[in-house]
Amino acid sequence: MAQDSKHFKYLLIGGGMAADKAAAGIRTVDQTGTLGIISADSDAPYARPALSKKLWVDPDFKETDTDFKTAAEYKAEIFLNTTVTAIDPQAHTVTTADGTQFSYDKLLLATGSQALQIPGPASDLAIALRSKADYRKIRAFSGQHKQVLVVGSGYVGSEIAAGLIQNDTQVTMVISGKRIYEDRFPGYLSEAYQQKYLDAGIKILTTAYAKNYEVKDGKVELHLASGKTLVGDGLVLGIGGRSNFKLGKAAGLATDHDGIIVDEQLKTSAPDIWAAGDIISYPDKILGRQSSAHVNHAVKSGMIAGKSMAGAAVTYDYTPSFYSWVFDISWDALGHISSQMQMYAEKLPGNKSVVYYFDEHGLIQGILSWNSKVSLNHLRHLLKKKPTLSQLQQVLPLEKVE
Ligand SMILES: Cc1cc2nc3c(=O)[nH]c(=O)nc-3n(C[C@H](O)[C@H](O)[C@H](O)COP(=O)(O)OP(=O)(O)OC[C@H]3O[C@@H](n4cnc5c(N)ncnc54)[C@H](O)[C@@H]3O)c2cc1C
C-alpha cells in the first residue's frame, strides 16, 4: 500500500444506481467495514430514470427526492467529481485523475454507460442526457414555450420529449425510423405510441439523421443528413449509450464485446474485484451470457455484488426486466424484443397486450407487457420454461402481428 493512499475495506468505483445498491448489500453483511465510493459525477448517487420521467410529470416530486442518501444510509465516504484513471489489481490500488491513490481490500467496478454524442461544440445548450447536471441544463433551456430539438427515439429521447411537451415547451423530434420504437414493437403498438406524441403536439421528423450541430447566438442549429437545418433553443440527444468498461479492460480484466466478464457471483477475472450494472457481461440463467443497460439489472446486480464482496454466499440468478412509461402508456419487457422477430400478441381488453417474440426456430426470446398488469414474475417463469410457439398457442389466444 502506498504511504499517502487512502485505504478502504470496500471501494466502489462509480456513484450510480449499482454502486448505491452495492453499498446496501455490503451493509446487510458487514456493518462496520470502511466503505468508499469514487464518482466522476458532481452529485451523490440518485435515481437516474427520474431524470427523463418523474421529475417532468409529477409536480410533487422534487430533485432532492431522487437522492439515495447513500453516504448516511450506508456509512460511506463519497468522493465526487473524481475520475478513476487506473487500477492496479496486483497492488490493490486505484489512481484518480489528480494523481491521488486509494487502496482497497475489495473493489467494485460500476462505471455505467456513456451517452453517445454527435459532432458539435460542448455547450450547455446541447445535452446528451445522462446525469443530474444534464437534467438541470435541460430545465434551464426549456419551458416558457421555448423550442427544443430532441434526437432519438429510444427511452431517453422518447421520455424527455414527452416530459418537455408537458412542461410548456415546443418539441421537435428527429428519429431515424418511421415510428418511435418501430424496431421493438409490432406496428399496431408503435403506431399507438407515435399517435400519443402527435396528439400531444410534438412534431416528428421521421427517417431523418442528425449529422452535427452548431451553437450560434444562443441557439442550436441542428444539421440533418438531408441538408435540412433545424433551429432550437436547446438540443437533447437520446441516441443511446455505450458501456463504459474501458477502465476495467485497461486493468487487464477479462472482457468480451459487451463488457467485463463476471461469474455468477459477479466476480471479475481479477482477485478481489467485482463488477455490476451496465458494464458487465454476466451468465443469465434463462438467456445465457448477457449484458443489460437497464435499471432493474443495475440495482439487482449491485445488491448481489455488494453482498458477495462482504462474504455472503449469493449468486446473481435473476433475469432482469426493463421498462419505460410516457403519457398513459407503460411497458415492461424481458429478454430480447425486436420487431425483426416473429411476434404473437395476446390482446387484452382496454388497449392492453402481451407480445411474445420468437426466433426463426420458433424459440421464445422475449416478452413485452404493454399496459397490462400481468405479473412480471409470471412472465419470467414462462420465459424460463421456453415454450414453443405451438405450446403457447394451445393455452393462449395468440394473434400473429407484424
Ligand atoms: C435519463 C435516463 C433514463 C433512464 N430510464 C430508464 C428506464 O426507464 N428504464 C430502465 O430500465 N433504465 C433506464 N435508464 C438506465 C439506467 O438508469 C441505467 O441502466 C443504470 O443507471 C445503470 O446503473 P450503473 O450503476 O451501472 O451506472 P450509472 O447509474 O450510469 O452510474 C455510473 C457511475 O459511474 C461513474 N463513473 C464512470 N466512470 C468513472 C470513473 N472512471 N471514475 C469514477 N466514476 C466513474 C459515473 O459518474 C456514474 O456515477 C435510464 C438512464 C438514463 C440516463
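## Salt bridges across the whole structure

A search of the whole structure turns up 17 salt bridges, each being a side-chain nitrogen of Lys or Arg within 4 Å of a carboxyl oxygen of Asp or Glu. One of them joins the side chains of Asp-30 and Lys-9, at 2.9 Å from N to O. This pair links distant parts of the chain, 21 residues apart: Lys-9 sits in strand S1 (residues 6–13), and Asp-30 in the loop between helix H1 (17–29) and strand S2 (35–38). Helices (H or I, at least four residues) and strands (E, at least two) are DSSP runs, numbered from the N terminus.

Before going on, a word on the model: it is predicted, so local features need pLDDT of at least 70 and side-chain atom pairs count only at pLDDT 80 or more, while totals for chains, interfaces and linings use all residues. Residues are numbered from 1 along each chain as its sequence is written, and side-chain values use heavy atoms, with hydrogens and water left out.

## Three domains

The protein is divided into domain 1 (6–114 + 241–309), domain 2 (117–237) and domain 3 (328–401), with bounds from an automatic or database domain assignment. The centres of domain 1 and domain 2, taken over C-alpha atoms, are 29 Å apart. Their contact (heavy atoms within 4.5 Å) takes 18 residues from domain 1 and 17 residues from domain 2.

Leu-51, Trp-56 and Glu-63 supply 41% of what domain 1 buries against domain 2, more than any other three residues.

How many salt bridges does the rule find across this interface? There are four between domain 1 and domain 2. Elsewhere in the list of pairs, Arg-130 forms a salt bridge with Asp-278, with the closest N and O atoms 3.5 Å apart.

## Aromatic pairs

The count comes to 16 aromatic pairs: rings of Phe, Tyr and Trp (its six-membered ring) pair if their centres lie within 6.5 Å, and planes under 30 degrees apart count as stacked, over 60 as edge-to-face and the rest as tilted. The rings of Tyr-193 and Trp-370 have centres 5.6 Å apart and planes at 55°, so this pair is tilted.

Terms used
Buried area is the accessible area (1.4 Å probe) that two parts lose on being put together, summed over both.
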